[in-house]
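Colleague: I would like to go through this model with you before using it. Can we take the chain piece by piece?

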Amino acid sequence: MLQLQSKLPSQGVTIFSVMTELAHRLNALNLSQGFPDFPAPPALLEALSQATLDGYNQYPAGDGVLALREQLAQLFLQRDQLNCD
């Protein structure tokens, strides 16, 4: 079995753990994180693997990835006649 050593051992509890515990305690819906209850499609796993190998393994800038924003703007323009700049 692969053993990985944490690079953040002094960080303690994550915000996800805190929010999950709080939601359980208050019987609330936890929207702080999500995870599917079904397996990912093989094509998605292959694309994820390739993207990671290509170096896309960090959060994007706060305003997102320019190419994705441009594609979304084009989609909204064609579908909804909404011009996003």
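**Helices, surface and overall form**

Modeller: Asn 27 comes after α1 and has a positive phi, near 55 degrees. Keep in mind that this is a predicted model.

Colleague: Which residue just after α2 takes a positive phi?

Modeller: Helix α2 covers residues 42–53. Just after α2, a positive phi of about 100 degrees is taken by Gly 55.

Colleague: How far does α2 reach from its first C-alpha to its last?

Modeller: With 12 residues at 1.5 Å a residue, 16 Å is expected for α2. The reach in the model is close to this, at 17 Å.

Colleague: What share of the residues in the protein chain is buried?

Modeller: The chain has 3 helices and 0 strands, in the order α-α-α. Its radius of gyration is 19 Å, well over the 12 Å from the globule rule for 85 residues, so the chain is more spread out than a compact globule. Of the 85 residues, the buried share is 2%.

Colleague: What does the C-alpha trace span along its principal axes?

Modeller: The accessible surface of the chain is about 8400 Å², with 61% of it belonging to carbon and sulfur atoms. Along the principal axes, the C-alpha trace spans about 45 × 35 × 30 Å.

Colleague: Is Val 13 buried or exposed?

Modeller: Val 13 sits in the segment before α1. With Ile 15, Phe 16, Val 18 and Met 19, Val 13 forms a nonpolar surface patch of about 440 Å² accessible area together. Exposed means over 50% relative accessible area. Val 13 has 62%, so Val 13 is exposed.

Colleague: What separates the C-alpha atoms of Leu 4 and Tyr 59?

Modeller: Leu 4 is also placed in the segment before α1. Leu 4 is exposed, with a relative accessible area of 74%. Leu 4 and Tyr 59 are 55 residues apart along the chain, and their C-alpha atoms are separated by 21 Å.

Notes:
Residues are numbered from 1 along each chain as its sequence is written. This is a predicted model: local features need pLDDT of at least 70, side-chain atom pairs count only at pLDDT 80 or more; totals for chains, interfaces and linings use all residues. Side-chain values use heavy atoms; hydrogens and water are left out. Helices (H or I, at least four residues) and strands (E, at least two) are DSSP runs, numbered from the N terminus. The expected span of a helix is 1.5 Å times one less than its number of residues. Patches are made of residues with over 30% relative accessible area and no salt bridge: like charges are joined within 9 Å, nonpolar side chains (Val, Leu, Ile, Met, Phe, Trp, Tyr) within 5 Å. Accessible areas come from the Shrake-Rupley method with a 1.4 Å probe; for residues, only the protein chains shown count as cover. A salt bridge is a side-chain nitrogen of Lys or Arg within 4 Å of a carboxyl oxygen of Asp or Glu. Buried means under 20% relative accessible area, exposed over 50%, partly exposed in between (1.4 Å probe, protein chains only). The radius of gyration is taken over C-alpha atoms; the globule rule is 2.2 Å times the number of residues to the power 0.38.
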